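I set down here what I looked up in this structure, entry by entry.

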Amino acid sequence: MPVSFLDTLGETVTRRLAARSSRRGVLGRMGAVMATAPAFPLLPVSRAQAESAPPPAPVLTDFERRAQSTDPAKCTYWRHCAIDGILCGCCGGGVHTCPPGTQPSPVSWIGTCRNPDDGRSYVIAYRDCCGRNICAAPKACDCNTADREMPIYRPQASNDIIWCFGTASTAYHCSTAAIIGQAS
């Protein structure tokens, strides 16, 4: 069988490499390469493209897609993303104030709602107004949006509880939605 040119070339290169290097030298160089390889990502490189990448668009819930910021007397008002009850704005109160003759519950449940005007998320405290019978508001003011509602094992985030304990009367009247602060 004739010996090909590539076989001869391979044998020549291998014999020269073996004559000029030792096993310890090869192992030492391989060790040095393996020890320094993890440092390569730390070297300065142009990251201009990485910095200019836009942040990913937030995933909107069904409520956030139809939320509005003009009429607080509707269930689609952006602050009402986790409310369950009758809006106090329909009963003589406001978005964050109880109607005359009622008192706010000392405890509240919370939700995080996205404002469609500025795109930021805010922590909202939902507080029941207590002391009078339930408000006889139009059906459009009875909201149960429960956007991102947590299960009942997290009662501080649940809107399924009447929060009128700790007041003079446990009679539920309506619910408010006050901004606590901006969510991070």
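Entry on surface. I looked up the accessible surface of the protein chain and found about 12200 Å². Carbon and sulfur atoms account for 60% of that surface. The model is a predicted one, and I read every value below as computed from it.

Entry on burial and contacts. I then asked what share of the residues is buried. Of the 184 residues in the protein chain, 29% count as buried. For contacts between residues at least 6 apart in sequence, I noted that 70% join residues at least 24 apart.

Entry on secondary structure. I recorded four helices and six strands in the protein chain. Along the sequence, I read their order as α-α-α-α-β-β-β-β-β-β.

Entry on confidence. I noted a mean pLDDT of 84 for the protein chain, with 86% of the residues scoring at least 70. By element, I found the lowest mean pLDDT, 60, in helix α3 (residues 48-51). The highest mean, 94, belongs to strand β2 (residues 103-104).

Entry on a surface patch. I looked up a nonpolar patch on the surface and listed its members as Phe5, Leu6, Leu9 and Val13. Together these residues have about 450 Å² of accessible area.

Notes
Residues are numbered from 1 along each chain as its sequence is written. This is a predicted model: local features need pLDDT of at least 70, side-chain atom pairs count only at pLDDT 80 or more; totals for chains, interfaces and linings use all residues. Side-chain values use heavy atoms; hydrogens and water are left out. Patches are made of residues with over 30% relative accessible area and no salt bridge: like charges are joined within 9 Å, nonpolar side chains (Val, Leu, Ile, Met, Phe, Trp, Tyr) within 5 Å. Accessible areas come from the Shrake-Rupley method with a 1.4 Å probe; for residues, only the protein chains shown count as cover. A salt bridge is a side-chain nitrogen of Lys or Arg within 4 Å of a carboxyl oxygen of Asp or Glu. pLDDT is the predictor's confidence in each residue, from 0 to 100. Helices (H or I, at least four residues) and strands (E, at least two) are DSSP runs, numbered from the N terminus. Buried means under 20% relative accessible area, exposed over 50%, partly exposed in between (1.4 Å probe, protein chains only). Contact means heavy atoms within 4.5 Å.
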